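Hello,

Here is the structure I said I would pass on. My notes on what turned up in it follow below.

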Amino acid sequence: MRGLFRRIVAGVALALGSAVATAAVTSPPPKIPAEAFGELSFIQNPKISPDGHYVVALSVMDKKKALVLADLSIPDYGLRTIGIPDNSEILACRWAGSRRILITLLVPQRLDGYDIHVIRLFMFDMDTKAVKALGDRVGGFNGGDIIYVDPNGAYLLLAAAPTLFDAPAVLRVDLATGQAQGVLGPHDGIWDWAADPKGVVRAGFGFDKGQFVLYYRNTADGPFRKIARWLDEAHQTMTDVETVLPSSDGDKGYVIANKATGRFGLYRYDLSTGAIGEPIYENPDVDIMQNGLGLSDSGELMSVDYIDTRRHTFWIDPAMKAVQARLDKAMPDKVNDIVSIDAAEHFMVVSSSSGSDPGSFYIFDRAKGELREFARPFSRLDGAILAPVQPVRYAARDGLSIPAYLTLPVGRDLKALPLIVIPHGGPFLRDDGHYDPWVQFLANRGYAVLQPNYRGSTGYGKAYVDAATGEWGRKMQDDLDDGVHWLVAQGRVDPKRVCIMGGSYGGYAAMWAAVRNPDIYRCAISLAGISDMPAMMHHDASVMTATRYIRDWRDRIRTKGQDMASVSALPHVAEIRIPILIAHGKDDDTVLDSQSIRLHEAMDKAGKPNEFVLYPGEGHAFSKEADSVDFLKRVDAFLAKYNPAG
């Protein structure tokens, strides 16, 4: 397996050596091949079995995504591949007991004469070595909405609906037979269900006339009653509550809410009355992460994740907090994330990385205080000199403080540098300073890289998201340009050598920058970008909303009456004055390839310089290493032609 799995034992008190060089460098390091940065992560989302004997993970084998199983009792881990149906894509995996693995797949299906993709649940049995479908293809488009898994692996509860617009029922799927039977029928207005740690469906969530509504029952067979309705005083259709989590403590539970501070925090919650209690964790500056609750194998709350300038875990259990402190001492200046724990909390999978180090996964033996290296996701970067990533802030023209990450090339004079601005996708996501292959690839070529968390980026509270309402292509774009002006004013960046590059929304921003600000940018690079916003809204209107803050996006789109064609590149091709590299996956269901094809054709017709590539078999992100590498090589050549680093 290319030497990726090694069994290295070291005391946790030792500061383990990074696979990436960190020594001071006074001259530019050697150019690292695009293959090293385009390599797909060898290991993703490892999950340890409840008995601590095995790890299952998403992987790449023979340059294709796969599912792998490792035996921790064997020195070389006895790695083997779990076969999945052809033409399917792995979305997630998890354990059901210690002998069964649940696999969520995106599979092709033909419906009413159309080829579509649906989500289906499969199971791998460790004893029979067989993979089989669960629930007899239930669930409509989404057959993978698991709300509870029996810790012993006997059964699971699945929320399933025939279509996206039908309310889901709850099914109990027997994992020995694969058969499903109804537990709860659909309820009008309930779109999500929640079970307590004992597997009793206790709560349902939905909307009623723009209000977020919680339904609850205090017994396993009692009726559901409406106990809470939440409104935001300023925006009557926005909600203050994101998640309600029943606990094993009677009618007590937890809620993620942002009413008190405008930032999502974790609070105690009385399910019988709907009353929000005292905070368990709230941050003075940022939200806790969406889907950032860590649960034990039995479903009890263990931790809360949040990101300020880097990712952190707040452990509720003092013993686990002490474990985290030991790991942070052993591996300083890294984000040391405990990503999976066995049922006895004895063995743990730990990810250790930084913005300039793609890092490694380790197996931590809590009793012995030992770390074993398990895998390095990007082994081709072993010994490479990468650039440090630093959090920064700058002021937008209207005074809003914009958080960002700045990466400066190693071994170069940090004055009058060429700059690449990379706005993140979403747009309702955020950059977090973790290792980014695009960023390090560009820094290795001699470019400074700015990653702005422009207004609308999530994680900084509701007011920061609200500031983006109706501002696509306007103030959201100003935030990118103002970052350039800030670096130019400092003397770090040459104003005549600036380009913009991004994927998805970042691709949109790059395309729009070519129309709006050819005075700032010399060139633009778009992967899976949006050139025609009205067409995009017909395809998927949810792109206009931050669903963490606006849960009823099915019913409304908030654009303040903005004419989206007025901030789209396609209708303004005649105004483009800079070259664009346009790339797209042919099978992209998130942003259709026509968004790039039509812009390319219009630019060709208008005699505007552009380069275009369409990747067959690729979706919204690269799944083939050859295509990932090819794209970086095209970026390298494009920048060398239009904005050379020198």
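A residue is called buried here when its relative accessible area is under 20%. Cysteine 523, with a relative accessible area of 0%, is therefore buried. Please keep in mind that this is a predicted model.

Disulfide

A search of the whole structure gives one disulfide. The bond runs between cysteine 499 and cysteine 523, with an S to S distance of 2.0 Å. The link between cysteine 499 and cysteine 523 is right-handed, with 105° about the S-S bond. Cysteine 499 belongs to strand 33 (residues 493-503) and cysteine 523 to strand 34 (residues 523-527), so the pair ties together parts that lie 24 residues apart in sequence.

Aromatic pairs

The count of aromatic pairs comes to 17. Among them is the pair of tryptophan 193 and phenylalanine 224, which is edge-to-face, with 5.4 Å from centre to centre and 65° between the planes. This pair links distant parts of the chain, 31 residues apart: tryptophan 193 is in strand 14 (residues 190-195), while phenylalanine 224 is in the loop between strand 16 (211-216) and strand 17 (225-230). Tryptophan 193 and phenylalanine 224 are both buried.

Tyrosine 615 and phenylalanine 622 make another edge-to-face pair, at 5.3 Å centre to centre and 85° between the planes. Both tyrosine 615 and phenylalanine 622 are buried. These two also belong to one aromatic cluster, together with Trp438 and Phe631.

Strands 10 and 11

Strand 10 (residues 145-149) is mostly covered, with four of its five residues buried. Strand 10 runs antiparallel to strand 11 (residues 155-160), and four bridges join the two. Within this pairing, tyrosine 148 stands opposite leucine 157 of strand 11. The two strands form a hairpin with five residues between them, and glycine 153 in the turn has a positive phi of about 80°.

What lies over the face of tyrosine 155? Arginine 172 does, at 3.7 Å from the ring centre. Tyrosine 155 falls within the residue range of strand 11 (residues 155-160).

Where to look

If you have the model open, the disulfide of cysteine 499 and cysteine 523 is one place to start, and the hairpin of strand 10 and strand 11 is another.

Regards

Key: Residues are numbered from 1 along each chain as its sequence is written. This is a predicted model: local features need pLDDT of at least 70, side-chain atom pairs count only at pLDDT 80 or more; totals for chains, interfaces and linings use all residues. Side-chain values use heavy atoms; hydrogens and water are left out. A disulfide is a pair of cysteine sulfur atoms within 2.5 Å. Buried means under 20% relative accessible area, exposed over 50%, partly exposed in between (1.4 Å probe, protein chains only). Rings of Phe, Tyr and Trp (its six-membered ring) pair if their centres lie within 6.5 Å; planes under 30 degrees apart count as stacked, over 60 as edge-to-face and the rest as tilted. A charge sits over a ring if NZ of Lys or CZ of Arg is within 6 Å of the ring centre and within 35 degrees of the ring normal. Two strands pair if DSSP finds at least two bridges between them.
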